[in-house]
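User: I have a structure to go through with you. Please set each label against its cut-off.

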Amino acid sequence: MSRDQSHNKMAVTQKNVDDLGLTDRVNLVTGDMTKLNFPDASFDVVTSSFAFHNIKNEQARINAVKEAIRVLKPGAIS
């Protein structure tokens, strides 16, 4: 059974960040996974949990994966 997490609330996620003491290191952003609004090689790590499978169109799913790779720094972890 698949669960769509599109009803997640930013406030709940921010509370988790705050509770973990990561407020100074985490900036939550909502956007389009298939067209990330970040420069190439911006991040050391990219993670995804229950996200890619929610993109029904195969080409859009491929684009989202390519975008995740694009924003990774060389030698980063995915």
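Analyst: Asp 40, Glu 67 and Arg 70 are linked in a network of salt bridges. The model is predicted: local features need pLDDT of at least 70, side-chain atom pairs count only at pLDDT 80 or more, and totals for chains, interfaces and linings use all residues. Residues are numbered from 1 along each chain as its sequence is written, and side-chain values use heavy atoms, with hydrogens and water left out.

User: What makes Arg 70 and Asp 40 a salt bridge?

Analyst: The term needs a side-chain nitrogen of Lys or Arg within 4 Å of a carboxyl oxygen of Asp or Glu. For Arg 70 and Asp 40, the closest N and O atoms are 2.7 Å apart. The pair therefore meets the cut-off. Side chains of opposite charge can pair when their charged atoms come close.

User: Why is that pair said to tie parts together?

Analyst: Arg 70 lies in helix H2 (residues 58–70), and Asp 40 in the loop between helix H1 (10–19) and strand S1 (43–45), so the pair ties together parts that are 30 residues apart in sequence. Helices (H or I, at least four residues) and strands (E, at least two) are DSSP runs, numbered from the N terminus.

User: How do you know that Glu 67 also pairs with Arg 70?

Analyst: Their side chains meet at 2.8 Å, N to O. That is a salt bridge by the cut-off, so the label holds. Both residues lie in helix H2, three residues apart, about one turn of the helix.

User: Which of the labels buried, partly exposed or exposed does Glu 67 get, and why?

Analyst: Buried means under 20% relative accessible area, exposed over 50%, partly exposed in between (1.4 Å probe, protein chains only). Glu 67 has 13% relative accessibility, so Glu 67 counts as buried.

User: What are the labels of Arg 70 and Asp 40?

Analyst: Arg 70 is at 25% relative accessibility and so counts as partly exposed. Asp 40 is at 53%, and therefore exposed.

User: What joins Asp 44 and Lys 73?

Analyst: A salt bridge, at 3.4 Å from N to O. Asp 44 lies in strand S1 and Lys 73 in strand S2 (residues 72–77), so this pair ties together parts that are 29 residues apart in sequence. Asp 44 has 47% relative accessibility and counts as partly exposed. Lys 73, at 33%, is also partly exposed. In total, the structure holds four salt bridges.

User: How many aromatic pairs does a search of the whole structure find?

Analyst: The search finds one aromatic pair. The rings of Phe 38 and Phe 43 have their centres 5.0 Å apart and their planes at 85 degrees, so the pair is edge-to-face. Rings of Phe, Tyr and Trp (its six-membered ring) pair if their centres lie within 6.5 Å; planes under 30 degrees apart count as stacked, over 60 as edge-to-face and the rest as tilted. Phe 38 is partly exposed, at 30% relative accessibility. Phe 43 is partly exposed, at 30%.

User: What makes Ala 11 exposed or buried?

Analyst: Ala 11 has a relative accessible area of 60%, so the label is exposed. The residue sits in helix H1. Ala 11 and Leu 28 are 17 residues apart in sequence and 10.0 Å apart in space, C-alpha to C-alpha.

User: What is the overall layout of the elements?

Analyst: The protein has two helices and two strands. From the N terminus on, they run α-β-α-β. Buried residues make up 10% of the 78 residues.
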